[in-house]
Amino acid sequence: MRSSLEALVVENLSKQFGGLRALDGVSFRVEAGERFAIIGPNGAGKTTLFQLLSGMLPPSSGRIFAFGKDITKLSAHRRAALGIGRTFQITNLFLNLTVLDNVLLALEASGLTRFNLLRPIYSYKDFLTRAENILNQWGIWDRRNFPVRSLSYGEQRQLEIILTLSQNRSLLLLDEPTCGLSPEEAKSFVSMIRAFSREFTILLIDHDMDVIFDIAEKVIVLHFGRVLAFGYPEEVKGNPQVQEIYMGRSNESS
Amino acid sequence: MVFFINQTINGIVFGMLLFLLAAGLSLMLGIMRIVNLAHGSYYLLGGYIGFSIAKHTNNFFLACLGGLLAIGILGMFTYKVILEKRFAREALGQVLITFGMLLIISDLCRWIWGGIPLAIPKPQILQGAIYFGKIVFPLYRLAVIIMGGVILIFLWWFQERTKYGAIVRAGVDDDEMTQGIGINISFVKTLIFSIGALIAGFAGVVGGPFIGLSTGLDIDILLLAIVVVIIGGMGSLWGAFVGALLIGLIDSFGKSLLPELSIFTIFATMVIVLAIKPSGIFGTK
Amino acid sequence: MKNPKLPIAIVIILAFLSTLPLFLPPYYTGLFSLMIIFGIFAMSLDILQGYTGLPSLGHAAFFGTSAYMVGILNVKIFKGCNFGVELITGILSAAVVASILGLIVLRSKEVYLLMILMASSMMLWGIAFKWRSLTGGDDGLPGISRPDLRPIHWDLGSTTHFYYFVLLFFIVAAVLMYLVVHSSFGHTLLGIRESETRMRSLGYNIWLQKYIAFIVSAVFAGLAGILIAYYNGFVSPAELHLVTSAEVLIMVILGGAGTLFGPAIGAGIIILIKNFVSGYTEHWMIILGAIYIFTVMFAPQGVYRLFRQFLQK
């Protein structure tokens, strides 16, 4: 019934926290390989939406389909296994572990090696080679034994993306990936994401409008938990309602 | 029938004592996220101090006052000098420190008052009993039940009607935020910890004529209070009350009907509640 | 990456441990046996606490259950030692307790977990205390015989021979635990300790990993329990008591949570202090309480790390 061309279908999704309706009847579709952005003022429900999509919170009502499968009731780790990867707005890396350890944990997540109680982790040549390849691509292989804590903030944000990439996920949920980055860092981030292959479908939240309009092919605007507008970037940009809620925002923009 | 009613009365009385402890524990857990493993020790030490005062002055109410004040001050001191410091920020650190206090207080009590179980004599005016046919309802136990209710009302008033209580309910522990509304959060936390300790010490004296004082009671009663908090829900006053009555009754009936397995019935209750609602009956999250 | 001084240190320590009965009086050989047994116990808790990040004040549950199994089989059923059966039953019983407890307990949040484990272990204590017919109540079960290892000429009645017996188990257990902690599985435990949400979004079923860690930790605690039964020659509810859980917990913290060998050293330190203090006063509990408070105030990362930092200077 669902076309396999659709990476994500969200049907009438709602989330209630006590008296607060954080999301109200949100529906949209994302095609495979598409770059899809979710924008809206603070409190509009963007992060709640991500929590629901990644499986960290259960919805109050509504359904979610990923690659044709109903994932509404699946836990976070099962969705990850299905191909949904996520980065976090506030860096959620293993700060006290080394860069290499972080990547290894991402790699170990598939397959059954994580149940191997005896064989030393660093003896897995396959993992080490793959880690080396990925880290080399990003130029941090030489710092693989440093704790992640010692990396610069920009490098940590990069590592967030690296972890997701190393896992062969097909649907990437990027939660404010350029948050806290300098303009140059943000620019290089954007080119990096633009260079991703079409095997990845990307859902993106960000406050930086330049980033959004550089990457997104479709944009959805959330306001008070509801879909306010949806369409191509230029359409959304030109939408008077959207402009209204953002006019005030541009004065206090980050 | 008589048996049933007697056990019920005993269960409710014991439940009241547990409520006093559990309420303090729950308050400390709810706002300050402190697991005070020395809470049972506060009970025991308060009781012992009350015992000594009663022995020397023959005045039960003075004993109550003494136990209450002594432990309240101990609690205040413990919080300000030790638990507020940076090394005690994390849960594990607090657990270890309060557990260390448990060990120290437990040994001190045994040192000073000996290992033989002691009891505090009931006050004169509460010596009698009310008779309903074949049922004997000791006045003292009635007084404890009433007192438990009074304290419940007091704590409810504190939590719902005072600004300190508002902070407890909001679960706020952000210094800057509360300073902005003119409240010194450190003062509130110290106050709460002291009140919790004070009530525990008071309970120790009140429980003196009923369950006595002995080595090991500190741990026994701490565990029961913890089970009450787990069942009732962390940070919930009603949870502490309902849970305490429940455990009090189960303990009372359990000990008389299945003495070898009474602990197991309490454990089973905890497991069942956790299976149905992991955050406790009145718990949130 | 690894400190080159470490293998040297290991060799020195092993040499010391293997030869100490030659130059120490039997009393101290016996004391070291006790230290080694608690070393195994402490390392097992470290898997749970230091590596997975699940602190427990109820670890005596596995230690004591296993010890009681040995006691019951040895004293009541075999009326003598059947080592093979006792060994397997002891370890299995610890694993069974863990597999049941784990189902109930591991869904709870941090603070709850600690309290529930504490309560559960004391429940077991209460059962052992009350069930006189099975466990001997607070008198315990005296008269446990040590294994008869014929045809090997090892008389475990001798302090020295028993010490080597225990040392052998310690080395095997230490090697196994070292492997577990450095394995892929052990690696994922670190991830859980550092960030559970990250692990979930990476695709890990963290409940399952914790459950396995819980059982593995219990198995080694159970091994220690078997050895303590033979060491003491009796078993009593003390092996299940909160104070025992507390002693092993402070051994882990004082030694250094998450270092595996730190807790073994912590065990040695606590046993030595306890032994020394008990010679002068009955009030060991006050000293233990003070150790608790001082460790948190002055050495929360543990002696092992302090020593390593000191070596690097």
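In β9 of chain A, Val221(A) is the bridge partner of Ile39(A), where strands are DSSP runs of E with at least two residues and helices are runs of H or I with at least four, numbered from the N terminus. This is a predicted model, in which local features need pLDDT of at least 70 and side-chain atom pairs count only at pLDDT 80 or more, while totals for chains, interfaces and linings use all residues. Residues are numbered from 1 along each chain as its sequence is written, and chains are lettered from A and ligands numbered from 1 in the order in which they are written.

**The sheet of chain A**

- Strands β3 (residues 35-39) and β9 (residues 218-223) of chain A run parallel and are joined by four bridges; two strands pair if DSSP finds at least two bridges between them.

**Contacts between chains**

- Chain B brings 30 residues into contact with 31 residues of chain C, a contact being two residues whose C-beta atoms, placed from the backbone, lie within 7 Å.
- On the side of chain B that touches chain C, the largest share, 15 residues, comes from α4(B).
- The contact between chain C and chain A takes 21 residues from chain C and 30 residues from chain A.
- On the side of chain C that touches chain A, α8(C) gives the largest share, seven residues.
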